[in-house]
Amino acid sequence: QVQLVESGGGLVQPGGSLRLSCAASGSIFSINAMAWYRQAPGKQRELVAGIHSGGSTNYRDSVKGRFTISSDNAKNTVYLQMNSLKPEDTAVYYCNAEIRALAGLVSDYWGKGILVTVSS
């Protein structure tokens, strides 16, 4: 069993910052990649940022220069530092990970999601 648990969401004013964390736990052999997605009301889930085990990262255009994804491999944790937040960043943010379990199977896992609200 593998679990992803997000933390760090909440309400922030426009221009403010938040840091999301996602910790993976359970029968993990290795983590190939981790990512953050978000889903705003009435919209499809979209990729925000991703990081691969080798350290390469990718971002959606609308968050480049404002958001930074990083990871602590020893803790099986991924972070999303969000600066200069805008109301349009309001969404439920989901952690995603591609994990090879101890049994050898590679699967995609999702956290339950955490709400980020950017509003004055």
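## Surface and charge

The chain exposes about 6500 Å², of which carbon and sulfur atoms supply 48%, the areas coming from the Shrake-Rupley method with a 1.4 Å probe and, for residues, with only the protein chains shown counting as cover. This is a predicted model, in which local features need pLDDT of at least 70 and side-chain atom pairs count only at pLDDT 80 or more, whereas totals for chains, interfaces and linings use all residues. Residues are numbered from 1 along each chain as its sequence is written, and side-chain values use heavy atoms, with hydrogens and water left out.

There are 11 positive and 8 negative side chains, and the centres of the two sets lie 2 Å apart. Lys and Arg count as positive and Asp and Glu as negative, while His and the chain ends are not counted; each charge is placed at NZ of Lys, CZ of Arg, CG of Asp or CD of Glu.

## Overall fold

The chain has 0 helices and 11 strands, where helices (H or I, at least four residues) and strands (E, at least two) are DSSP runs numbered from the N terminus. The radius of gyration is 14 Å, close to the 14 Å that the globule rule gives for 120 residues, so the chain is as compact as a globular protein of that length; the radius is taken over C-alpha atoms, and the rule is 2.2 Å times the number of residues to the power 0.38. Along its principal axes, the C-alpha trace spans about 50 × 25 × 25 Å.

Of the 120 residues, 38% count as buried, a class defined as under 20% relative accessible area, with exposed meaning over 50% and partly exposed lying in between (1.4 Å probe, protein chains only). Among contacts (heavy atoms within 4.5 Å) with a separation of 6 or more, 54% join residues 24 or more positions apart.

## Thr77 in strand β8

Thr77 lies in strand β8 (residues 77-82) and is buried, with a relative accessible area of 8%. Its side chain reaches the backbone oxygen of Lys75 at 2.9 Å. Leaving aside neighbours within four places in sequence, Thr77 is in contact with Cys22, Ala23, Met34, Ser70, Ser71 and Asp72.

## Gly10 in strand β2

Gly10 belongs to strand β2 (residues 10-12) and counts as partly exposed, at 26% relative accessibility. Apart from neighbours within four places in sequence, Gly10 is in contact with Leu18, Leu115, Val116 and Thr117. Gly10 and Gly50 are 40 residues apart in sequence and, C-alpha to C-alpha, 21 Å apart in space.

Technical notes: Polar contact = N/O pair within 3.5 Å; in protein donor to acceptor, adjacent residues only side chain to side chain.
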